[in-house]
Structure formats: structure tokens, C-alpha cells
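Me: Please take me through this model and say what each term rests on.

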Amino acid sequence: MPGAWRAVLATAVGCYALKLAGLTVPGWLLGNPRVRRLAELIPVALLAALIAVQVATAGRSVSVDIPRLAGLGAAVAALLLRAPFLAVIIAAAGTAAALRALGVT
Amino acid sequence: MGVSGLAFGAAAVTSGLTVVQACVLSLAAYTGASQFALAGALAGGGSLLAGTAGAILLGGRNALYGLQLAGLLRARGALRPLAALGITDESTAFALAQGDAAAARAGFGATFASLYITWNLSTLAGALGAGRVGSPASFGLDVVGPAAFLGLLWPRLRSGRPERAVALLGAAVAVGATPVSPPGAPVIVAAFAALAGLMVPASRTGAP
């Protein structure tokens, strides 16, 4: 895959640089409440978008993957029951795997 | 974390990355959500540029964690680049939950060491195993990414109405933009949903 190394290295360097920047830049840079609030909200929008794209789209079309959606439903149930992170993941993967084993697509 | 690492390794290799590339991401980026995001974008046929941009944007929250941790860890000299690597959702939550700075430092170090080793070994195992288990989907491994995203999103959703509105808007924008934009771009476009959240005051006030 040409270019894949560039994406891998750029992601690695970019993600690491953000961590280092957080430890290094003076705190007043985030003293502006609107900037701080935006930094809190961007991950919310991105995480929700990533979930939606992976569950409800395929390529450039909108289509729901039923086992994946059910797996996510199981994750919601586990989160509502205050299950630990690991249990949430296992509930989601197990539900999707079980439905696929039953022939649901 | 071990299960997530296995799933990431498998997802990375299934998306077309090599075993070495999967391991480099876990060793150097060491932030699960961004890594899953990149693998997901590649698997979905997304452009490398959009996938990379989404992964790095998602890593932006680690900068915020770093700011919160800087005063507690007081990492200087050669320790600072090392401590920076260890900043994750888990190590930050653990460090901030401790009563004093000494306990926070110890908790951060212990979480970092154990999770870093687990994450990287399980990434390697998942990447090596991906070719052998046949279809990762039959094990539900393709749902681990979204479920991990949801686990990260959940406490934020509970923290207030603006967060829930931003999440709904972000999801709607991403799905709505999918048919009309190049693969990978919808997630980036959805980041602008965060701007809408600025128009309403946060439900919770004070320092996080």
C-alpha cells in the first residue's frame, strides 16, 4: 500500500506531538474558556461521527450493518449497567459474532 | 485493553497495514481511538490524508490531558518526552483520581507501564493472528473499534446536554456527508459540530 507508511508515520508523530505539546505549553494557552470548551467538544463530535460512519455507512452509501448495530446496542446496555470497559467490548464483539454465526448479515 | 489491542492489531492488518506498521502505531502514537480511526478509514477505502487528519484531530484530547497533568507530574528533562508518550484516557483518568501529586505520579507511571506493555504485545498478537483466523468479522472484531469509541464517548454524553447535542449533530453530519464527499472526509466535516456546542453554556462548570 503506497503512502501507508506516510499515513502511519504522520499519525504517530502527530499524536505524540500533541501529547508532548500538552505537557510543555504554558497553561494560559487554554485559559480562554471557549478554546478549552472547543477542545472538549471536538472529541465528542469525532467519536460520534466515527461510530455513525462505521455502523451506518459502507463505502459512499448509507447502509446499516445489523450485527454491528446490535453489537453497539449490547455495548450501550453494558454501559447503562455500569459494566467495566472490557465487559463492554466483549459484549459488543460477542453479540455481533453470535448474530453472524446465526447467519444475520 | 488487551482485547482492544488484539482487535486493533487485527483491524490494522485487515485494513491493509502491515504488521510492522500496526506495531509502529501502537509504539509511537499509543492512543487507541486514533489508531482505530486510521485503520477504520483505510478499511473503508478512505483517503490516507483524511484518515490521518481524523486520527490526529482525535488525538487532540491528549493535549488537553497533558495540560491537566503537567502540574501534577512535573516531568522535567528526559522524563518529559517519556511521560508524554504515556498520556492516554486511562492513565489520565487514573492519575487525576488520586488524592495528591505523589500518588498521581505513581498511579500514572504504573498505569503507563502496564498498559503500554499490554497494548503493544496484544497489538502484535492481533496483527500476527489476523491472517490466520480468517475473517475478523466472524469474531465481531470489527465492532471493537465502535464499542471502544462509545466507551470513551459515554462519560462525555452523561456530562451534559450540549455534549449530547454535539454528538447527535456530529453523527448526523457524518452520515449525511457520506454520499456526497470523498471517503474519510465526513468524519473531519463532523468536527465542526463542536462549534455548535459553543453556543450553549456547559451544564457543568468549574475545572474538570
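Reply: The buried residues of α3(A) pack against α2 and α4 (85-101) of chain A, together with α9 (144-158) of chain B. This is a predicted model: local features need pLDDT of at least 70, side-chain atom pairs count only at pLDDT 80 or more, and totals for chains, interfaces and linings use all residues. Residues are numbered from 1 along each chain as its sequence is written, and chains are lettered from A and ligands numbered from 1 in the order in which they are written.

Me: Which residues of α3(A) are buried, and what makes a residue buried?

Reply: A residue is buried if 20 or more other C-beta atoms, placed from the backbone, lie within 10 Å of its own. In α3(A), P67(A), R68(A), A70(A), G71(A), L72(A), A74(A), A75(A), A78(A) and L79(A) are buried.

Me: What span is expected of helix α3 of chain A?

Reply: The expected span is 1.5 Å times one less than the number of residues. Helix α3 (residues 66-80) of chain A has 15 residues, and its 21 Å from first C-alpha to last is close to the 21 Å expected.

Me: Which residues does A92(A) touch?

Reply: Touching means C-beta atoms within 7 Å. Leaving out residues up to four places away in sequence, A92(A) touches G71(A), L72(A), A74(A), A75(A), G140(B), V143(B), V144(B) and A147(B).

Notes:
Two residues are in contact if their C-beta atoms, placed from the backbone, lie within 7 Å. Helices (H or I, at least four residues) and strands (E, at least two) are DSSP runs, numbered from the N terminus. A residue is buried if 20 or more other C-beta atoms lie within 10 Å of its own, exposed if 12 or fewer, and partly exposed in between; C-beta atoms are placed from the backbone.
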